[in-house]
Protein chains: 2
Amino acid sequence: MSEARAVVLVSGGLDSCVAASWAVRRYEIWLLHADYGQRTAARERRAFDAIAAALAVPPLRRLAIEVPLLRRIGGSSLTDRSRPIEQGEVDASRIPGTYVPFRNTHLLASAVSWAEVIAATRIVIGCVEEDSSGYPDCRASYLEAFNRVVAEGTPPDSGIVVEAPLLHLRKGAIVRLGIELGAPLSSSWSCYSGSERACGRCESCRLRLCGFREAGLEDPIPYEVG
Amino acid sequence: MSEARAVVLVSGGLDSCVAASWAVRRYEIWLLHADYGQRTAARERRAFDAIAAALAVPPLRRLAIEVPLLRRIGGSSLTDRSRPIEQGEVDASRIPGTYVPFRNTHLLASAVSWAEVIAATRIVIGCVEEDSSGYPDCRASYLEAFNRVVAEGTPPDSGIVVEAPLLHLRKGAIVRLGIELGAPLSSSWSCYSGSERACGRCESCRLRLCGFREAGLEDPIPYEVG
């Protein structure tokens, strides 16, 4: 039997960069990127293309789509320009303003539809439970429930399963795993605000910088602040 | 407490027309329509607008979106013009060529995202298990699994639940219910092929005509064949 195919969701961030680097050792990877109206969509798209190129994924196995609904309805500081992006510490006990309503279900549904058409049996998503505990759609219980929907909602022989290899890792361990796998971390982009240099202050930058600090390494991307 | 809000998925077909007419008696309804590249998208959109107007739903409570991914990937005779639409009897033991990969998960995810933003607690979908047994994403087990995803993947206080009031009805009973509710059946459109007159031969037309026959009524929309 030939190598199994996997659709990997690649936002262009640190986690999806490492998840794709994990998947490329196991599967023939097909990369899916979504523009859902997030502020830094253009910058993320560049990161997606750079990661795809670094992992030698040919253009035919890359798909960049739009999810116009999420842009239209807003409801998040990532998609509604009138809401400020929060800075500083993340309060894990509440849902952050950057939560995009039910976003991961749109992304995973897109991956499953594409997987059906190209006969892929794996979906790989780089979500992380501990560091993103405020997001309901990043938890193990959510992914288990989604896998039930896949089993019930696709043809019986499709055999599609969602895997989240980073789910139980801390950011430091993700950085170390990325280094070990030779992941193109310098091509990844995590900042919610900036476009040429990362702001270093938003919740996503702080988590990323914290991961590199935990791993005892320097982040290769440029930051506005020292 | 004021009337609960519901997002109703309205394709413009017979079932969603009856489901919306059922919902308008219970909830403040908000109507969602999706263009996913289906052949008769423009005709369905007209049906959606006509049904919304007949149910006196103001424009602010209507949302017509696109799902570009499903158009892009094809994989169905509804979205890929090179695949013929099947005619004649439905073979319930296999999945029809008109099955669109994982479509209902995209539609329901869109409804849930919108429901979060407008604080609706109900999603109403007109899917029918018996008449559509070939579609994996029209069955009770699929909807139960999806409701688990909603409970796990939305903020704890959102309280969103998907309801499928027609799920266990046969087409004849749906037509009778529509008449009883005063549903605007003459504004609905079910045909997969035609645009001015329904073809009367595709699987969707046959199911619809069969429903009117079972109910002992005449379908008010125009057909190509007698």
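This passage describes the fold of chain A, from its overall dimensions to the pairing of its strands. The model is predicted.

Chain A contains seven helices and five strands. Read from the N terminus, its elements follow the order β-α-β-α-β-α-α-β-α-β-α-α. The radius of gyration is 17 Å, close to the 17 Å that the globule rule gives for 226 residues, so chain A is as compact as a globular protein of that length. Along the principal axes, the C-alpha atoms of chain A fill a box of roughly 50 × 40 × 30 Å.

Burial and contact range were then computed for chain A. Of its 226 residues, 50% are buried. Contacts with a separation of 6 or more were also examined by sequence distance. In chain A, 69% of these contacts join residues 24 or more positions apart.

The five strands of the sheet in chain A are arranged in the order 3-2-1-4-5. The sheet is open, and its pairing is parallel. Strand 3 (62–66) and strand 5 (161–163) of chain A form the edges, each pairing on one side only. On average, neighbouring strands of this sheet are turned by 25 degrees against each other, direction ignored. Strands of a sheet pair through backbone hydrogen bonds, in either a parallel or an antiparallel sense.

One pairing can be followed at residue level. Strand 1 (residues 5–9) and strand 2 (residues 28–35) of chain A pair in the parallel sense. Five bridges connect strand 1 and strand 2 of chain A. Within this pairing, Val8(A) has Leu31(A), in strand 2 of chain A, as its bridge partner.

Key
Residues are numbered from 1 along each chain as its sequence is written. Chains are lettered from A and ligands numbered from 1 in the order in which they are written. This is a predicted model: local features need pLDDT of at least 70, side-chain atom pairs count only at pLDDT 80 or more; totals for chains, interfaces and linings use all residues. Two strands pair if DSSP finds at least two bridges between them. Helices (H or I, at least four residues) and strands (E, at least two) are DSSP runs, numbered from the N terminus. Axes are lines fitted to C-alpha atoms, for helices over the stretch in contact, and angles run from 0 to 180 degrees between N-to-C directions. The radius of gyration is taken over C-alpha atoms; the globule rule is 2.2 Å times the number of residues to the power 0.38. A residue is buried if 20 or more other C-beta atoms lie within 10 Å of its own, exposed if 12 or fewer, and partly exposed in between; C-beta atoms are placed from the backbone. Two residues are in contact if their C-beta atoms, placed from the backbone, lie within 7 Å.
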